[in-house]
Amino acid sequence: MGPFSIEEALAAEAAAIHDLSKPGIKAIVDDLHRLASSQTVESKRADKDADARSGGDEDPAWVRNRKQFYCRLGQLGSAALCCSGGGIRSATFCLGIIQSLAKHSLKVPPPPDTTEVPEPGTPLSADEREAEANLSLLSRFHYLSTVSGGGYIGSWLSAWRHRDDFPTVWQSLSSRPDGPDVEPAELSWLRAYSNYLTPKTGLLSADTWTGVAIYLRNLLLNWLVIIPALSVLLLLLKLTVSVSVWVARLAEIWWPHLLAILLGVACLVVGQAFTTRHRPTNRVLGGGNPDADDRNVNQPTFLRGSLIWSLLSALFVTSAMTSAIGVELAGAASTGPVMAVGAGLGVLIFAAGWLTGWPVNRRLRDFSRWAFSGAIYGGCVGLGAHLYTLMMPYAVPRSDSIWLILVPVILGVPWVLLSQLLADLLFVGLVSYEKNSDADREWLGRASGWIAATALIWILTTFISFAGGYFLIDYAYGQLFAPYIASAGGLAGAVAAWLGKSGLTGPANSRTKSDQKDGKSLAAQIGIAIAGPIFGAVLVVGIAVGLDLLLLGDSLVVGLTRKIWSPGYIFAWLTVGLIVTVVVAWVASRNVNINRFSIHALYRNRLVRAYLGASRQERSPDLFTGFDSADNFRIHEAWPPQPRATTGSNTFCLFHVVNITLNVVKTARLAWQQRKAESFTVTPLHSGSSFKGYRLSREYGSELPPGGISLGTAMAVSGAAASPNMGYHSSPSTAILLALFNVRLGWWLGNPGKEGDATYIKEGPSTAIVPLAQEAFGLTTDSKPWVYLSDGGHFENLGIYEMVRRRCRFIVAIDGSCDPDFVFEDLGNALRKIYIDLGVRIEFKTLDLMQNRPDAAALKAAITQWERTDAVDRSKSPIPYYAIGSINYKEADGPQCDDGIILYIKPALHGTSGTEGAGVRSYGAANLTFPHESTADQWFTESQFESYRSLGLDIGDTLFGADCVLDGGGQKIRIQDILARLSPTARS
């Protein structure tokens, strides 16, 4: 079924989460289904937001229904708990907040003198435990929205609720039911696996070397796909050049050179005909609408219809002009006559191209000026041929200079292409006064850009693979320095890969104040810009050299220059090499699974063991590896939640929404060139994107029983921070390096939209090379059968975007990201995208009061102000750990709707004993970056884990107490009051 629209998915969620036995709720949900049925995934609203207009408006009824839909969605009164990205740091801090929410209740405790003290050790009955659990603050949150590291702890909680009922989970979160000296097993497991990647520490531990071995194994598999594919391209280039040189040297036979020049002319005429036929002023009559004509072509069509023919023409023309007969003809006269003859031939060729194209709007002036511009093309080609004669390539005795080969190979094709570009420039100048010529100038300008780019790529590729290979093999100094060059290339690649995943090379607006001050981020950007190209060049040279030595025993350039081997020998061995590499590339690409040979599985398996295995009391792990595949389960099995074993109500809280990024680095939407990403969610019901549609989670990502994407995979993809394509963190200079070094945590899955009708049920692509190339060169998009998914923080790192879409009336957002300077980058990014995409403004008034590790003067001033505040209106710390924002739903959905409230919580160390315990403050004194230690640190110690957990618990106790009134700059709230007014999650 599907794809479903976003409204259909949200209506199904509402029916699954809220109690339909209540008349008011049932009426709203029925209305949501009715309103959602009129929406489609590919509705015209997508076209209205895109760069290319559809030419029509939506049905007014659709617009009205959608506004009513979101207004009704808000009337359900949902609440959401959001756990942000930030690795294990965020996960552990969020654990403390979750425990605090479980600990605090909607019930007001009785006065001390009326409190009945139970007998020591008396356990709660099942009914009492259920009643207490359903009054806890944690039970009142309908949604659990997680991103990246927050997904670790969110998945841990969802897995626990999958295996135990909510009262059991609540009791272990809020107390120690088995005694004060026995921590609940689910929490002690987290403590034991806080160093989840390599639980057994030490350089010589089996866990450490297992990780190293798996990475190296997957890296070699990665190269088994990449290197043969690159070898195929290089061998095709070597074969083309070798055949061209062989044909050019056939001095005694004239017909191959005539055939080459005729083929070159024919290819150029085909390309010129395409350009003539599809130029804007030529394809319609009388200044009509160019967009309405079927000759209005897109960029891929231009590449197939014009550019490829220009490149082929340049190859044939270069071969003819550098041949023995071509050199003889070009050297028979001086420069002027040669250029004059070339100019005349150019006029004829361009005239033939125009006539072959036979445009709809035929004008004699256009034809004459187009033909005249061909003189520049022919003259420049003639000049190039004459200049080559000055090198006396066919002199007797013949020179052994390798430049006789390298000059035409490296510069010949670009010279011919740039001659065509100059002809286009002349034509643009000649018609600059014509009516509507602006459209032609833009069209030809883009065409010239592609020609120039092709020429540059040819120069770089041939220089590196031919000249670089020759100097590395045969040049005396190259032999001496070859090991150092290879070492430098490898070092450059390692540095580039490390910088690319270090976080120092993100977008400029992501740098912290300290980074900007000391220039670390700028240095990293410069480093990656230098290291990346160096490694790329060394890699291509290395493969080219390896192919030459393996197939020929020496440099191909030497063999072509000095005639060491016959043309047949060269052609035979290069052909054999090409066949072998094609077979190897095909076999590797078909059999090496692109998802399986990345480091995703290494990362996911350890996360699953640490967080999903924590709640399995009867694990049966492999005794050698310690892993148990049964720890993981399909996410659709997580809903409905586990009911009580006997009679009683069930608590339908914490419906898990895993936030992921769908990468569209090659986006067609101009405004998305910064974000390069879409929001993608995986829930127990649906998986997909609002822009493409949704599929059932029980079907998406796997057709094998029990079917659907697993919670462990969704958790790991949501935390796939290190990937070649990283949403708005993507960088062309790092993508190829991260792909080559297999720093790839992302995951390829079927497109949830109509493009993925045949792929959405599969686990991944059947071939590796195409998606790998898309990763490496930043070609990921949402318009193909497969999409590339990575860390949710690459789009929005707090998890509030999708909760605002669901019109949650109360949102608690826990920001555990690394932000020691409190620049609120992730919050700002979320608020911008929420307004742009959803039309909802969120306003904060007290963010400026929040800070981390205040100096003595700031702390003293805050304490003075705090002491003047009425005790009932203050928290335990003079500097807030929170800010309260208003979610302006009325502005988006209409005045009949209610606004929402967001509580934004951020870890900080203020040094006050009123909130932070002595254990937290002592750890902070010894570790000056706490509580914003680097996200790269995923190896937590026991004291580190406990300090972050305790800080979250301490801050939560400050905010969630029954007597605590939070001040949001004039807006004062009690958490208990807000949650009590929203829809309960318990039902009979």
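In this predicted model, helix 10 (residues 206-248) packs against helix 22 (residues 567-591) at an angle of about 155 degrees, with the axes 8 Å apart; axes are lines fitted to C-alpha atoms over the stretch in contact, and angles run from 0 to 180 degrees between N-to-C directions. Helices are DSSP runs (H or I) of at least four residues and strands are runs (E) of at least two, numbered from the N terminus. Helix 10 is therefore roughly antiparallel to helix 22, a term for angles over 145 degrees. The residues of this contact comprise 19 nonpolar, five polar and one charged; Ala, Val, Leu, Ile, Met, Phe, Trp, Tyr, Cys and Pro count as nonpolar, Asp, Glu, Lys and Arg as charged, and the others, Gly among them, as polar.

Ser598 lies in the loop between helix 22 and helix 23 (600-612). Beyond neighbours within four places in sequence, Ser598 is in contact (heavy atoms within 4.5 Å) with Asn218, Asn742, Arg744 and Gly746.

Asn742 is not a glycine, yet has a positive phi of about 60 degrees. Asn742 is buried, with a relative accessible area of 0%.

Residues are numbered from 1 along each chain as its sequence is written. Local features need pLDDT of at least 70, side-chain atom pairs count only at pLDDT 80 or more, and totals for chains, interfaces and linings use all residues, while side-chain values use heavy atoms, leaving out hydrogens and water.

Methods:
Angles under 35 degrees count as roughly parallel, over 145 as roughly antiparallel, 65 to 115 as roughly perpendicular and the rest as oblique. Buried means under 20% relative accessible area, exposed over 50%, partly exposed in between (1.4 Å probe, protein chains only).
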